[in-house]
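Here are my notes from an afternoon with this model. I wrote the entries down in the order I looked things up.

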Amino acid sequence: MAAFGTGGSRSQVRGPSLGFRFTLYAILSIVVMFLDQRHGWLERARFVLQAGAYPVQVAVNSPSTVWNWLSQSFESRDALRAENARLVKQQHELELRTMRYDALTRENGELRGLKDALPPVADRWLAAEIVTDSHHQRIVINRGTTNGVFKAQVVMDDKGVIGQTTHVGPWSAEVILITNPEHAIPVTIERTGLRTIAVGAGDDESNSLGLPYLPGNADVKPGDQLVTSGLGGVFPAGYPVGRVVEVHRDAVQPLAHVRATPYADVNTDREVMLVWFREDHPAAPASTAAPDLKVGNKTLQPQPTPPPRPKATAPAAQPAKPMGQPETPAGTPPATNSTAPHAPNSSGGARKPTSPSGTVNPPPAPSSNRGTAPAPASAEAAPATKEPAPVEAPKNPTIEPPADAPRNP
Amino acid sequence: MSSEVPRGRILFSTLIALVLTVLPLPQYGDYIRPSFLVLTVLYWSVAAPRTAGVGLGWFAGLLLDVFQGPVLGQHALVLALVSFITALEHQRIRSKPMFQQSLIVLFVLAFYNGVVLAIDGWTGHPLPNPLLWIQCATGALIWAPAATLLAQGRRA
């Protein structure tokens with residue numbers, strides 16, 4: 001009690017005042033929590049707070065930064081030479097590997113019936129350093145809106161996907177890792193083309209992902225590679241995510257327990273890559289339902305079948321199947337109503353190649369227009385479907401999309 | 001006495017405690033690290049309930065939320081609640097010997113952790129590792145030196 005000095009009797013706290021203040025603060029924090037949970041009503045406040053927090057984060061992390069710097073600068077000459085030799089060797093390997101890349105890309109484009117080879121889906125990237133490793137599988141990186149970082153941007157390292165940005169400040173951004181249990185990433189099992197969702201397992205020691213939505217008879221086995229499927233509007237198709245390490249099937253359980261480890265060194269990375277993607281690329285992240293929620297998600301309703309195309313529909317095993325749709329640009333002119341080409345932020349934007357690899361039928365452009373049309377859709381839909389050829393509209397509008405075909409083996 | 005504690009000193013010690021709380025540590029250091037911020041807020045709501053009290057708890061919690069909370073306002077609510085309770089009972093806590101104070105702190109920290117976890121559950125966020133409860137014990141252990149230190153700092 002000596003710690004509190006003496007004569008405490010004078011400092012009588014007025015009870016009602018204290019209780020009143022507490023009630024006030026409690027209400028305030030509940031309101032704040034509510035607003036923060038409802039999507040981003042506090043984004044501005046977060047932005048300011050993040051800016052204020054950044055110096056502290058840098059300061060807090062400075063000891064380890066200094067330590068890294070010191071240990072690097074006192075690294076022995078031999079170690080440096082060894083590392084140099086290793087890097088040179090690695091670079092030769094990579095050059096050899098990418099030597100045929102251009103030719104393969106062109107060949108691939110020809111096979112898909114495209115006139116020109118597609119540019120890579122990754123437009124540009126930016127290296128970022130990890131500032132703090134806060135727990136709960138979130139990290140803070142030293143790039144923010146001043147570097148053009150936006151919310152829900154893909155973050156990778158040299159081996160695979162790490163996560164995406166959640167809150168972006170002016171000079172820093174918070175990244176949620178794919179191992180966070182609050183994060184789910186749509187993936188494709190590369191061997192079979194089976195689409196599912198990988199959710200972070202969240203235990204701190206063993207960074208791993210779970211595939212909780214696979215049926216017990218799903219064709220999956222340890223060693224299977226997981227790549228992004230391009231659904232969900234954040235991650236583009238075809239980027240490596242992880243490898244299945246454990247499949248546990250229980251006869252009485254309807255779902256299999258599948259565990260995977262990410263390729264990326266989620267816990268040991270010091271540097272990560274922020275990636276910008278070409279929006280008009282077929283492998284770009286396709287947002288499915290997000291913009292349609294207000295109109296009851298019309299894309300999920302039965303739609304006319306696609307026009308009779310050459311029967312060579314790509315097998316489902318191709319993760320980048322959407323490429324087989326060269327006619328999508330043809331439908332873009334009537335895009336004035338809904339498919340506004342805006343930045344690929346949180347919602348991912350309503351982009352042209354919506355849904356091709358989605359759970360929905362690969363729709364021809366006009367029908368997807370109809371699907372994403374705002375509320376007075378019934379009035380607008382008629383003119384929208386009129387101008388493109390009437391081939392597809394009256395086909396058989398009630399047939400359920402055969403999207404689940406690849407699902408049940 | 002308490003009314004004369006300068007605000008600057010309270011804020012400064014809270015900031016230091018915040019830095020100590022968010023300082024990156026290896027995994028197990030994270031589990032046993034006492035939550036210095038909560039201890040500091042507790043100390044000031046017992047020692048200077050009028051100057052610090054609920055407001056300090058709320059702002060400190062909000063700062064903690066910015067650094068490591070999934071939801072803004074979660075730690076703010078709980079820290080405000082904790083400092084409210086301790087400020088109400090500051091006379092009784094103050095008059096106890098140090099050992100009993102540590103016990104009280106242990107209970108308060110457990111209560112704090114419990115409410116934080118409850119909010120995590122309600123808002124649908126995953127619960128952290130149960131080893132986090134070790135924090136309560138280490139916090140209670142460190143209470144005596146921390147309180148002495150803060151008292152020194154107050155007189156200086």
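**Chain A, make-up.** I counted secondary structure in chain A of this predicted model and got six helices and 12 strands. Helices here are DSSP runs of H or I with at least four residues, strands are runs of E with at least two, and both are numbered from the N terminus. Of its 409 residues, 38% count as buried; that label needs 20 or more other C-beta atoms within 10 Å of the residue's own, while 12 or fewer makes it exposed and anything in between partly exposed, with C-beta atoms placed from the backbone. I then looked at contacts, meaning pairs whose backbone-placed C-beta atoms lie within 7 Å. Among those in chain A between residues at least 6 apart in sequence, 66% join residues at least 24 apart.

Because the model is predicted, local features need pLDDT of at least 70 and side-chain atom pairs count only at pLDDT 80 or more, while totals for chains, interfaces and linings use all residues.

**Chain A, confidence.** I checked pLDDT, the predictor's confidence in each residue from 0 to 100. Chain A averages 70, and 61% of the residues score at least 70. I marked residues 6–15 of chain A, where pLDDT stays under 50 and the model has 13 contacts beyond four places in sequence. Residues 288–299 of chain A also stay under 50, with 30 such contacts.

**Chain B, make-up.** Here I found eight helices and zero strands. Of the 156 residues of chain B, 47% count as buried. Among its contacts between residues at least 6 apart in sequence, 69% join residues at least 24 apart.

**Helix H4 of chain B.** I tested its length: at 1.5 Å times one less than the number of residues, the 16 residues (53–68) should span 22 Å, and the end C-alpha atoms are 23 Å apart, which agrees. Since 13 of the 16 residues are buried, H4(B) is largely enclosed by the rest of the structure.

**H1 against H3, chain B.** How do these two helices pack? I read an angle of about 160° for H1 (residues 7–22) and H3 (residues 36–47), with axes 7 Å apart. Axes are lines fitted to C-alpha atoms over the stretch in contact, and angles run from 0 to 180 degrees between N-to-C directions. H1(B) and H3(B) are therefore roughly antiparallel, the term for angles over 145 degrees. The contact includes B:Ala17 and B:Leu18 of H1(B) and B:Phe36 and B:Trp44 of H3(B).

Conventions
Residues numbered from 1 in each chain as written. Chains lettered and ligands numbered in written order. Contact = placed C-beta atoms within 7 Å. Parallel < 35°, antiparallel > 145°, perpendicular 65-115°, else oblique.
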